[in-house]
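Open the model in a viewer and keep the sequence panel beside it. The stops below say what to select and what is found there.

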Amino acid sequence: MAPPNGDKGTALLEKLSRIDSGKPPFGCMQCGLCAATCPLGPAMEYPPRKLILQTIAGNLDKVLTSPSLWMCVACYACSKRCPRGIELTEELWPALRDAAMQEGHQPPAELQETFQNVFKYGNVLGKSPRQRLQWAKDLDVRVLDLSKDPKPVDVLWLVGCYPSYYPRNQGVARSFARIMTELGVSWGILGTKEKAVGECDRMFGEEGLFETLVEQNRQLFDEQDFGKIVVLDPHAFRALQSFYPRFGAWYPVQHYTQFLEEYIEQLKPLMVKPVEAVVTYHDNCCVGRRCECYDPPRELLKLIPGVKLVEMSRNRDDSLCCGGGGGGMWLDAHIVANGGRRLSDERVQQAADTGADTLAVSCPYELSRFEDAAKVTGLEGKLKVRDIIELMAESMDLGERSIA
Amino acid sequence: MNIVVVVRQVPDLIEPLEIASSGDALDLDAASFIINESDDHALEQALLLKEAGGGGVTVVALDFGDVDNSLYAAAAKGADRIVKIAFDGDVPPPARESAALYAEAIKPLGADLVLVGVQAHDELDGGLSPFLAAALGMPYVGVIRGVKAGDAPGSVVACKEFPGAVMARMNVKLPALLGILGADQPPRYVPVSRIRGAMKTAQFEESAVAAAVAEPLLKVGGLSPPAPAARAEMLAGSEEEIAGRIVEILAEKGLVK
């Protein structure tokens, strides 16, 4: 690639080159593997390869005003396959989006609303912070609210926005509370004080909002005495694992699949009820492709008597993204309006092609994304979408609902 | 063009509203406050006019609720001056009395154009904008959905919405006050990094206006939650039961088969 020439595009790439994450974008040799592997690349005016080319060629303004700037759903496929090791997903895309907003270009309206919800209320859904504990109402296990009753615990569980507020996900939160209690884990939550971790805000270039959340969360976490943080949301996992430490906020963190895998031996005798299902597992992008953590979710599924685990043709590092990552959850309309497709629609078809009757997931976004996709692709009633926690809780006879 | 915008705080309806024990007011202790939506549009319209034709934008606000957050955001968006009116009451005065306060703060600013949201969801005695126009002695046009600089110097063209989606374009000679329903574009998104920057650099001018706040003409006799009307059927039960009953009702009405 051409050397830096001093304009604002190359200045931006130079700044990225100083970040200790991936190789400098100037190393791009324009092989096009990133664009070819991007599931939305064919619909993008500027897929990853062209992003770098145009930015270096002095056409940053074209890049910043293109609708395709807001089409990346942070699946990490381009970063994973880049032969030069350039960190496109976590560095280049967010930096360009930040630059666009700093220059006054407006992000898609749906995303503006999400950003404002997080800034005002600390959650992506725009719900009242005071209702954040609604998921635990009348729960049959004790929920220790550390914000009111601070005590040393082994696990600080960040419940997350969707499991706290979204009815379809609240059952998952309740089941996870029961599983941890059954395992004798010492755990607590931050109650109504909990806030979004902010991964989607950072990935979509809202660096100032992300910094605000890091400051707020850091203060909340530092008031507590805990061994580690456990999250249901793979995006929160990635942010706490990789982005928070850049601000000096380092906390040991596990996604729930990693956490529960450590209890495999203890879990085995607790799986008392067969769950007769042919299950295929969807690797989420953050814990899966980005962190290469593929085995824990499968090991948990194998524990469940009655479950027959089958693999989709695209699995592990070749898994197709659900389309909801890094803020994509709110951008279906923008993506479709600009020639893209809903990746979740394609993914449920891949799941059904295995002969599975159940698509297992481990990300709060995916339940509603894939259930909606099953409805629009004619798979409703043929393909159930269930979180691994729901399947485990059913086998442990701790679940509160069975999905017909 | 020297543009002044009034920015008010209103209770955020994300929280359930509760009636105070006095029975004649809302319990605002637990409420959070946000910028009044049509004032946000008024600010956007002012910024668009400034960007198109130069001049300055001054935001005037009563020091109430979470007003600083709204003012930092206004500064981050491009407001040039922020004037905050000292106020230590529990509840902002009704529109007529508020108008006297705002007028005293706005008079020294030499405004060519004053933009005020045409409505706010906590108004009891009508909109602030006509009261304020009267207090400032300015001509007034309300329910405006877009403003452009006029062809003649010292004028603007305001787009006014009438019932039935009838729109009128009106030449308005300045100085004037416009009640804004909507700006030419939705209020802009400003990155939080800019707001954080404004928190460090923005200067608020304090206005200790001495307008005598008159005893309100309007007094609330009492508040109560809406009671079920004779023809209303309040549905209760689980989500499934409620959904089932809705389907039954639609079928009874012949709306679904």
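How many of the ten residues of helix H12 (residues 234-243) of chain A are buried? Nine of the ten are, and the helix is mostly covered. Here a residue is buried if 20 or more other C-beta atoms lie within 10 Å of its own, exposed if 12 or fewer, and partly exposed in between, with C-beta atoms placed from the backbone. Helices (H or I, at least four residues) and strands (E, at least two) are DSSP runs, numbered from the N terminus.

Before going on, note that this is a predicted model, in which local features need pLDDT of at least 70, side-chain atom pairs count only at pLDDT 80 or more, and totals for chains, interfaces and linings use all residues. Residues are numbered from 1 along each chain as its sequence is written, while chains are lettered from A and ligands numbered from 1 in the order in which they are written.

Next select helix H3 (residues 48-56) of chain A. Seven of its nine residues are buried, so the helix is largely enclosed by the rest of the structure. The buried ones are A:Pro48, A:Arg49, A:Lys50, A:Leu51, A:Ile52, A:Thr55 and A:Ile56. Among the elements covering them are helix H1 (8-17), helix H4 (60-65) and H6 of chain A. Just after H3(A), look at A:Gly58, which has a positive phi of about 85°.

**Between the chains**

Now show both chains. Chain A brings 16 residues to the contact and chain B eight residues; two residues are in contact if their C-beta atoms, placed from the backbone, lie within 7 Å. Helix H6 (88-102), helix H7 (109-121) and helix H11 (207-222) of chain A each supply at least two residues of the side of chain A that touches chain B.

Select helix H5 (residues 192-201) of chain B, where B:Val192, B:Ser193 and B:Ile195 are buried. Seen down the helix axis, these fall within an arc of 160° (taken from the directions from the axis to the C-beta atoms), so they line one face of H5(B). Their cover includes H7 and H11 of chain A together with helix H2 (67-77) of chain B.

How do these helices cross? The axes of H11(A) and H5(B) come within 6 Å and cross at roughly 65°. Axes are lines fitted to C-alpha atoms, for helices over the stretch in contact, and angles run from 0 to 180 degrees between N-to-C directions. H11(A) and H5(B) are therefore roughly perpendicular, the term for 65 to 115 degrees. A:Glu207, A:Gly208, A:Leu209 and A:Thr212 meet B:Val192, B:Ser193 and B:Arg196 there.

**Within chain B**

Turn to H2(B), which packs against H5(B) at about 110° with the axes 8 Å apart; this pair is also roughly perpendicular. Residues in this contact include B:Tyr72 and B:Ala76 of H2(B), and B:Ile195 and B:Met199 of H5(B).

Finish at B:Pro175, in the loop between strand E9 (166-173) and strand E10 (176-180) of chain B. With 17 C-beta neighbours inside 10 Å, B:Pro175 counts as partly exposed. Leaving aside neighbours within four places in sequence, B:Pro175 is in contact with B:Ala111, B:Asp112, B:Leu113 and B:Met138.

How values were computed:
Parallel < 35°, antiparallel > 145°, perpendicular 65-115°, else oblique.
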